[in-house]
Amino acid sequence: MSVLVFLDQAEGHVKKSSFEAASFAAKIAEQTGTEANGIVLGEVKDDLQSLGKYGIKKIYHAADAQLNQFDDEIYTALIADTVKSSGSNVVVLSNNFNGKAIAPRLSVRLKSGLISGAVGLPDTSNGFKVKKSVFSGKAFANVEIKTDIKIITLNANAFKVTEGSGTATIENITTQIPRRKVNVREVNVVKGEVPLAEAELVVSGGRGLKGPENWGIVTDLAKALGAATACSRPVSDSGWRPHHEHVGQTGLTIAPNMYFAIGISGAIQHLAGVNRSKTIVVINKDPEAPFFKAADYGIVGDAFEVVPKITEAVKKLKGQK
Amino acid sequence: MKILVCISKTPDTTAKISFTDNDTKFNESGVQFIINPYDEWYALVRAIELKEKDPSTIIHLVHVGPAENDAIIRKALALGGDEAFRINSHPGDDYYVAGQIVNLAKEQHYDLIFTGKETIDYNGSSVGGMIAEFLELPYISLATKFELNGNTATITREIEGGEEVDEAALPIVVSCQKGMAEQRIPNMRGIMSARTKPLKAIEPVAIDPLTSISSFELPAPKQGVKMIPADNPEELVRLLHEEAKVF
Ligand SMILES: Cc1cc2nc3c(=O)[nH]c(=O)nc-3n(C[C@H](O)[C@H](O)[C@H](O)COP(=O)(O)OP(=O)(O)OC[C@H]3O[C@@H](n4cnc5c(N)ncnc54)[C@H](O)[C@@H]3O)c2cc1C
Ligand SMILES: Nc1ncnc2c1ncn2[C@@H]1O[C@H](COP(=O)(O)O)[C@@H](O)[C@H]1O
């Protein structure tokens, strides 16, 4: 019995969300009196032994260049084989784009129950139950897995990364890699930006900003804070901002440490995607804006006057120019 | 060309979320149900667009659910689609739903299976991937664009911080999200013709769900908002730094 965590990499670097998943897996192992191991697919530039500091004992590594590019079918096959050969009974993945593609496949391949979007550790006092986010963040469900092997995907920012001092051992795995059926033609990733899905701080703008030409106040504040940017649905629908920034019930669901909403009314469909954020700040000129009811801090005022001053104050505090 | 579109039923996006029976059941009283937005706006409409381009295309809809959900299926048929199947059962979990759909797909041999990105109530984002694994087909998750050239599909999917353009030969399974198509409103002709389109109820195959929901909870309410005067934004920054410790 052991816990196996899939450590996702991009361009040779293990993703930040995988550190959360690793810490989560280690905690489950501790809770159930077993060990947590990890699996890494593709060549990596990082020192994998250092992942031991998140509580990972052993890393199964298939360092084959053919695996550098993600493929859900191939990754699933290798992870499933490792689950079996290592005798793992809990499999942890991040509930990110790759995790959402692999976890359902693993569930079928291993005929094992899947809980996607976990927000906390399993309750193993009576069976195996995990709390997950449902109704797009408006509620939680406690879901029980009935099979011997349990598969869990962890929501971003739902579990704190814990660092210790361990060192992981590496076991290289070599296997027959199945034929790739999906050919990746292009990968377009915006470099240097904080990916929204795993960002700890998010600054978001709504229709109150009047037009794309005014977005400078949003991006300036985001830059000063080191935050990702997001927007409400009408903003992306009007093409003011790219689609991938759209948060809410029909967009991305996020739960950062701070969500900073500028000129967003706080419609129920918008709140659904952001209301699990730890701290919510709302800047709106209308004191009756529904968003204030869901906020921790608020300023009633004109964004065009208030936000640049906030950016200045942040820079001053951080000692930035 | 034969396309299957998976249609699920969800509470309206403005529905008040509450629970009954000791927090074990969703409280449906006063709640409006709709076609899951991702299934309707993106999966179904993109399938309809493909048929408009190539009228020989056949579109099937499938829903796993009880007879009372026929109204939702008719609504979907009013937008488009030639024929619908309702697998007559209460959807157990995503594995159960996927297994039922796979059973239909094995008889019907689809070139393309479209699902929504996720249901807005359970948020599993799993049924599509499960169908693909059962059928050993490629799965393109979270697709934002879909083009067809003969037997080859070119699909754009969302990845962390950007997108990826993939190419795959049919048959494939695709989960659809924003960007795939534009929302449509059914017209009178569609609504009239939906009444006579075939909607077949078929009996489920025996599949044991692998998970079950034991209870629901609502998040703890917010403590209440701290208002800061507009002429003192520095105070907000101080609170964020010292009290909330967000940076
Ligand atoms: C099925 C369905 C799904 C949906 N899904 C989503 C979703 O996923 N995400 C989403 O965001 N929306 C979604 N919506 C839309 C949602 O209902 C709202 O229409 C939308 O969120 C409103 O966007 P907004 O707050 O930017 O704009 P508005 O509602 O127009 O609000 C603008 C706000 O800016 C304020 N303002 C104006 N000028 C200033 C100024 N100078 N300074 C400060 N404040 C100012 C105004 O007081 C107002 O509160 C959905 C709707 C439906 C029906
Ligand atoms: N009961 C159902 N009947 C038919 N299709 C479904 C059902 N439940 C889910 N789906 C499809 O699977 C997608 C993903 O659902 P889920 O994995 O539950 O989030 C939905 O957008 C639908 O296309």
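Let's begin with one pair of residues: Y139(B) stands opposite V173(B), which belongs to strand 12 of chain B. Please keep in mind that this is a predicted model, in which local features need pLDDT of at least 70, side-chain atom pairs count only at pLDDT 80 or more, and totals for chains, interfaces and linings use all residues. Residues are numbered from 1 along each chain as its sequence is written, chains are lettered from A and ligands numbered from 1 in the order in which they are written, and side-chain values use heavy atoms, with hydrogens and water left out.

**Strand 9 of chain B and its partners**

- Strand 9 (residues 139-149) of chain B pairs with strand 12 (residues 172-176) of chain B in the parallel sense, over three bridges. Two strands pair if DSSP finds at least two bridges between them; helices (H or I, at least four residues) and strands (E, at least two) are DSSP runs, numbered from the N terminus.
- Strand 9 of chain B also pairs with strand 10 (residues 152-159) of chain B, in the antiparallel sense and over six bridges.
- Strands of a sheet pair through backbone hydrogen bonds, either parallel or antiparallel.

**A sheet with strands from chains A and B**

- Strand 16 (residues 279-284) and strand 17 (residues 297-300), both of chain A, run parallel and are joined by four bridges.
- Within strand 17 of chain A, G298(A) is the residue opposite V282(A).

**The site of ligand 1**

- Which residues come nearest to ligand 1? Of the 28 around it, they are S232(A), S265(A), Q269(A), H270(A) and N284(A); a residue counts as near if one of its heavy atoms lies within 4 Å.
- Residues from chains A and B surround ligand 1, so the two chains share the site.
- An N or O atom in the side chain of Q269(A) is 2.6 Å from an oxygen atom of ligand 1.
- A polar side-chain atom of H270(A) lies 2.7 Å from an oxygen atom of ligand 1.
- The shell around ligand 1 divides into seven nonpolar, 15 polar and six charged residues. Here Ala, Val, Leu, Ile, Met, Phe, Trp, Tyr, Cys and Pro count as nonpolar, Asp, Glu, Lys and Arg as charged, and the others, Gly among them, as polar.

**The site of ligand 2**

- Of the 20 residues around ligand 2, C6(B), D39(B), D94(B), S125(B) and S126(B) come nearest.
- A backbone N or O atom of C6(B) lies 2.8 Å from an oxygen atom of ligand 2.
- A polar backbone atom of V64(B) is 2.8 Å from a nitrogen atom of ligand 2.
- On its own ligand 2 exposes 480 Å², and the protein buries 96% of that; accessible areas come from the Shrake-Rupley method with a 1.4 Å probe.

Conventions:
A polar contact is a pair of N or O atoms within 3.5 Å; within protein, one must be able to donate a hydrogen and the other to accept it, and residues adjacent in sequence count only if both atoms are side-chain atoms.
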